[in-house]
Structure formats: C-alpha cells, structure tokens
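Please consider the structure shown below. The paragraphs that follow lead from a loop to the helices and the core.

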Amino acid sequence: MDNGEEIRLEALRALTILAVHDEEFRRGMWGDPEGTLTRYGFALNDQEMEQVRNFVFTVRDSLDEELFSGLTAAYR
Amino acid sequence: MANRSRKANIDVERKRERVDSVFVSLDELILALPVRQNHRQLLQIHLRVGKERAEAWPEMSSIQMPLLVHAAITGDERPALPVAGACTLLYLGADLFDSILDRELPPAWDAHGTSEASLAAMTLLGALPQISIARLQETGTPPPKLWTLARLFADEGLRMGAGQYEDLLLPTLEDVSIEDSRAMAEHKSGAEYALFATAGAALATEDPSTIEAYAAFGSCFGIAQQLINDAKDIWGDAFSTDLLNGKRTFPIVYALSTLRGERRERLRELLAVARESTEHHDEARALLEEAGSLRYTALIVWLYQQQARGHLASASPQEPAGRELYSLLEQASLVRHTSPSGP
C-alpha cells in the first residue's frame with residue numbers, strides 16, 4: 001500500500017463530522033476547499049489535499065454533465 | 001491493461017463460484033430442516049429470489065465479504081462457507097421483512113399472503129443463521145468460537161433492528177437532523193456490513209486489532225452503500241419508492257435542513273403529496289437537486305468510502321482477496337474517476 005495515496009483516517013473522521021454537523025464548513029468546502037480546511041485547522045499533506053480538491057471540483061463542476069454514474073442517467 | 005482485464009474476469013468468475021457455493025449449501029441446509037413441506041417451500045421461495053438477485057449481482061456483500069475477509073486473513077475462503085451462508089440468510093430475512101413493510105413483495109410471493117411471508121422472514125432471520133453457524137462444528141470449530149459468532153449475529157442484528165426502528169420513527173418527527181439520518185444509515189446498513197466482515201474475521205483470527213479493522217471497514221462500507229441506495233431510489237428510476245413511503249432518507253433530510261423559507265415549505269408540501277401519487281416526484285427531485293442533496297450525498301459517500309479504504313489498508317489483507325475487497329469498495333461511489341483504483 002502506498003500510504004501517500006491515502007488520506008489519514010483521523011483526518012477523514014474529522015472531515016466527516018464537520019461535513020455532517022457544520023453548515024459553514026459545508027458551504028466553504030464547495031467554494032474554497034483548501035482555505036476552508038486551513039481555517040478549520042487541518043494540516044493535510046500535498047497528496048491528501050490534492051485528493052480532496054479533485055473530488056470536490058469533480059462533483060462541483062460536473063453536476064450538470066451526467067457526472068453520477070448510472071444514477072441520474074435514467075432520470076435525466 | 002490486458003493483465004488488469006484478465007484479473008477482472010477471473011475475479012468475476014470467482015464471485016460467481018462463491019454465489020453458487022453459498023446457495024448450494026443453503027439448499028442443503030433448508031432440505032435438511034425438520035419442518036413441514038409447505039413451510040420449507042416458503043423458505044425456498046425467498047432463497048430463489050435471493051439466488052436470482054445474486055446471479056444478476058454477484059457482488060452481493062453477504063456472500064463475498066465474509067469469504068473474502070476470511071481469505072484476506074488466512075489465505076483460504078472455504079472454511080467460511082457456513083458463515084457466508086448465515087450472513088446471506090440474515091440478509092434475505094431482513095430483505096423480506098423490508099419488502100413486507102414497504103408493500104413491495106417480489107412477484108414470487110404473489111400466490112402467498114403477508115402472513116406466510118412474515119413466517120418465512122422470521123425463520124430466515126431468527127433461526128437459520130444459527131443453524132448455518134452450527135455447521136462449523138463439523139469442521140472442528142471449537143465451541144467458544146461458535147458462541148462468539150452467535151453473539152456477534154445477535155449484537156449486530158439488534159443494531160440493525162434499531163436502525164429499522166429509526167427508519168420508521170424519523171418520518172413521524174417534526175425536525176430530523178442530518179446526524180439523525182447518518183446514524184440511521186450506520187445502524188441499518190453499517191451494522192449489516194460490519195457483521196458480514198466481522199464474521200469472516202472472527203472465524204479467521206483471535207487478533208482483536210484485525211477483527212476491529214475489518215469491523216470498521218464493513219461499517220464504513222455499509223454506510224456508503226446505504227447512502228448510495230438512498231440516492232438511487234430518488235434519482236435512479238421513474239418514481240421513488242422512498243418518496244411514496246414517506247421515508248426521511250439522507251438526501252431528503254439534507255434538503256429539509258438546508259432549504260429556507262418558501263422553498264422549504266414547498267418541499268414539505270411535495271413530500272406530503274408524493275406519498276399519494278408519483279405525479280409530483282419530478283418536482284420533488286428538482287427541489288432536492290436545487291438544495292444540493294445529490295452533491296452532498298456524494299461527498300459523504302466518498303468520505304466513508306475513503307475511511308473504509310483506510311481501515312482495510314490497516315488490516316494488511318493478503319492477496320488476491322485484498323485486491324477483490326478493494327475492488328468491491330471501489331463500486332461504492334456516486335462519482336466516477338475520483339479515487340485511486342486500488343492499493
């Protein structure tokens with residue numbers, strides 16, 4: 001396992017708790033994930049930050065382009 | 001690329017073989033039960049429903065996960081066959097009860113009433129998993145380990161029951177928080193998947209840290225899968241069963257927590273009329289999308305999928321079972337191409 005590819009578990013747990021409980025954090029994540037994570041005290045390394053950024057930008061920017069595999073295709 | 005494709009084909013073939021093995025063993029188990037023929041036939045109806053589903057979707061977690069986790073620890077999946085059988089019986093019993101409650105019994109039950117379906121569900125859920133576990137005695141599994149497994153099924157079954165209760169309770173409450181809805185997913189499907197993974201691990205090893213790692217892997221995987229099912233129910237078909245049944249699933253609760261003023265009230269109205277007919281389901285979906293429910297659900301699914309990856313990595317699974325477990329987990333996503341494809 002290349003641990004550089006994984007986001008640390010404690011960071012993921014903290015991200016999940018904030019994403020469920022904190023509305024301001026949720027809003028910030030879609031607009032400025034890097035700034036929001038820094039403001040909330042996360043110290044992610046470059047690869048971890050890259051993964052978060054990739055995911056957030058993929059979802060945010062592709063919403064109207066049938067991003068969701070096999071899910072919205074039948075509905076849209 | 002060709003090598004990866006060949007491995008994927010081998011993995012699919014292995015999944016199908018596991019499906020066959022588990023259902024052959026369950027056929028034998030049900031044939032040997034000391035019950036009346038008509039009672040046996042009721043059990044066989046839902047066993048056939050389950051088998052057809054597993055043939056169409058060989059990834060079925062109750063089959064793959066206990067066998068793969070056992071193989072990931074010991075290198076051999078065969079000793080875990082009775083455990084996979086027990087997990088599949090529990091899954092089929094819970095599924096049948098769900099279908100009865102949601103008034104969605106499969107066509108195979110058309111000739112029978114809900115009383116007979118309830119009897120079959122009770123037998124599948126309450127009695128048969130223990131009988132399947134008892135078969136481990138034939139291969140020399142010591143009594144303390146049998147007790148550990150039996151207790152595990154009881155504990156996780158209780159948590160699943162708590163999740164089902166919350167599923168019934170939440171639509172009756174005025175305000176439901178996102179955390180309430182997340183917790184329900186953890187209790188319903190998190191507990192179920194945790195059981196599937198832990199049962200394979202508990203048979204394979206005494207090491208608590210390994211068992212805990214697989215339990216956490218299963219729990220996170222199950223939560224992700226529940227939220228995917230919630231999203232698929234709303235956006236994956238022409239009409240939504242959850243909207244018809246008035247359920248407060250994760251995307252709905254998020255929208256109710258996020259929308260304000262008239263938009264929130266409009267969603268409440270739509271959710272009320274969506275129980276009566278499918279006419280307003282499109283408008284309800286549109287409002288859920290406007291609230292960002294699908295994006296948000298995708299985010300939480302991704303966070304749990306990543307947590308499950310971390311827990312699996314911490315268990316250092318043996319190959320090739322480890323690769324197959326990562327591959328199963330990879331499918332638990334609402335988004336394409338955002339996470340690495342394996343360890």
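The model is predicted, so local features need pLDDT of at least 70 and side-chain atom pairs count only at pLDDT 80 or more, while totals for chains, interfaces and linings use all residues. Residues are numbered from 1 along each chain as its sequence is written, and chains are lettered from A and ligands numbered from 1 in the order in which they are written.

The phi of B:Ser316 is near 45°, a positive value in a residue other than glycine. Most residues other than glycine have a negative phi, and most peptide bonds are trans. B:Ser316 has 13 other C-beta atoms within 10 Å and is therefore partly exposed; a residue is buried with 20 or more other C-beta atoms within 10 Å of its own, exposed with 12 or fewer, and partly exposed in between, the C-beta atoms being placed from the backbone. The loop between helix 13 and helix 14 (321-330) of chain B also holds B:Pro320, and the peptide bond from B:Glu319 to B:Pro320 is cis, with omega near 5°.

Helix 10 (residues 250-258) of chain B is mostly covered, with 8 of its 9 residues buried. Among these buried residues are B:Phe250, B:Ile252 and B:Leu256. Their cover includes helix 7, helix 8, helix 11 (261-273), helix 12 (281-290) and helix 13 (293-314) of chain B.

Two of these covering elements also pack together: helix 7 (residues 178-204) and helix 8 of chain B meet at an angle of about 145°, with their axes 7 Å apart. Axes are lines fitted to C-alpha atoms, for helices over the stretch in contact, and angles run from 0 to 180 degrees between N-to-C directions.

The largest nonpolar core has 114 residues, of which B:Ala197, B:Phe217, B:Ala224 and B:Val301 touch the most other members. Such a core is a set of buried Ala, Val, Leu, Ile, Met, Phe, Trp, Tyr and Cys residues joined through C-beta atoms within 7 Å. Helix 8 (residues 208-235) of chain B gives the most to this core, with 15 residues. Leaving aside neighbours within four places in sequence, B:Ala224 is in contact (C-beta atoms, placed from the backbone, within 7 Å) with B:Val301, B:Tyr304, B:Gln305, B:Ala308 and B:Ala332.

Technical notes: Helices (H or I, at least four residues) and strands (E, at least two) are DSSP runs, numbered from the N terminus. Two residues are in contact if their C-beta atoms, placed from the backbone, lie within 7 Å.
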